[in-house]
Amino acid sequence: MGSNQFTIVICSLLLLPLVFRSTAAYNETAPTKPIEKKVDVVVEGMVYCQSCKYSGSWSLTGAKPIPSAKVSVICKNSNKQVTFYKAFETDAYGYFYAHLDGFKMSNNVLDHPLHGCHAKLVSSPLANCSLLSNINNGLYGAPLRFKNKVLRGTHYEAVIYAAGPLAFRPAQCTPEAHV
């Protein structure tokens, strides 16, 4: 190796720590992008089969949960245009947890889920309890309520809204004999 090459190698080795220090200093002062928190909107509720005894009322006394019932969540903007629609199925206990994946608000006040979203009955898997009832406005869209229920994680938040309990009613109810 010639003396010029040797001098270049020595100089490079001497300058190497300075390069690493300046890179480290740059990384320490470089602005870091804030980690965005993902916020999801969820609607939850229950679906029942109303007791024949209370058919025609809003009473759920004696009602039984319906597994695999279908409920839709519909959201409209302030111009009454549908911005979200999806059907969800209840679990084995008649409970539905509807994650509104893809729901967006263009106006934080007017398009808010409390103003623009409703839950509606779609179908019941029970042949003997499949007529729609209007309990909690299940026919036209049950309004949502916020009960201060939020699931929080480090970079995640799910704001949960409740739809009032919804119910199908039996098609054949034998009238009670009045004495």
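This is a predicted model: local features need pLDDT of at least 70, side-chain atom pairs count only at pLDDT 80 or more; totals for chains, interfaces and linings use all residues.
Mentor: Local features need pLDDT of at least 70, side-chain atom pairs count only at pLDDT 80 or more, and totals for chains, interfaces and linings use all residues. Residues are numbered from 1 along each chain as its sequence is written, and side-chain values use heavy atoms, with hydrogens and water left out.

Trainee: Why is serine 124 called buried?

Mentor: Buried means under 20% relative accessible area, with a 1.4 Å probe and protein chains only as cover. Serine 124 has 16% relative accessibility, so it counts as buried.

Trainee: What does the side chain of serine 124 reach at 2.8 Å?

Mentor: The backbone oxygen of cysteine 129. That side chain also reaches the backbone nitrogen of leucine 126, at 3.1 Å. A polar contact is a pair of N or O atoms within 3.5 Å; within protein, one must be able to donate a hydrogen and the other to accept it, and residues adjacent in sequence count only if both atoms are side-chain atoms.

Trainee: Which residues does valine 47 touch, beyond four places in sequence?

Mentor: Among them are Ile66, Val71, Phe96, Leu121 and Phe168. Contact means heavy atoms within 4.5 Å.

Trainee: What makes a set of residues a nonpolar core?

Mentor: Its members are buried Ala, Val, Leu, Ile, Met, Phe, Trp, Tyr and Cys residues, joined through side-chain atoms within 4.5 Å. The largest such core here has 26 residues, and Val43, Val47 and Leu100 have the most contacts inside it. Strand 1 gives the most, with four residues. Strands (E, at least two residues) are DSSP runs, numbered from the N terminus.

Definitions and conventions: Buried means under 20% relative accessible area, exposed over 50%, partly exposed in between (1.4 Å probe, protein chains only).
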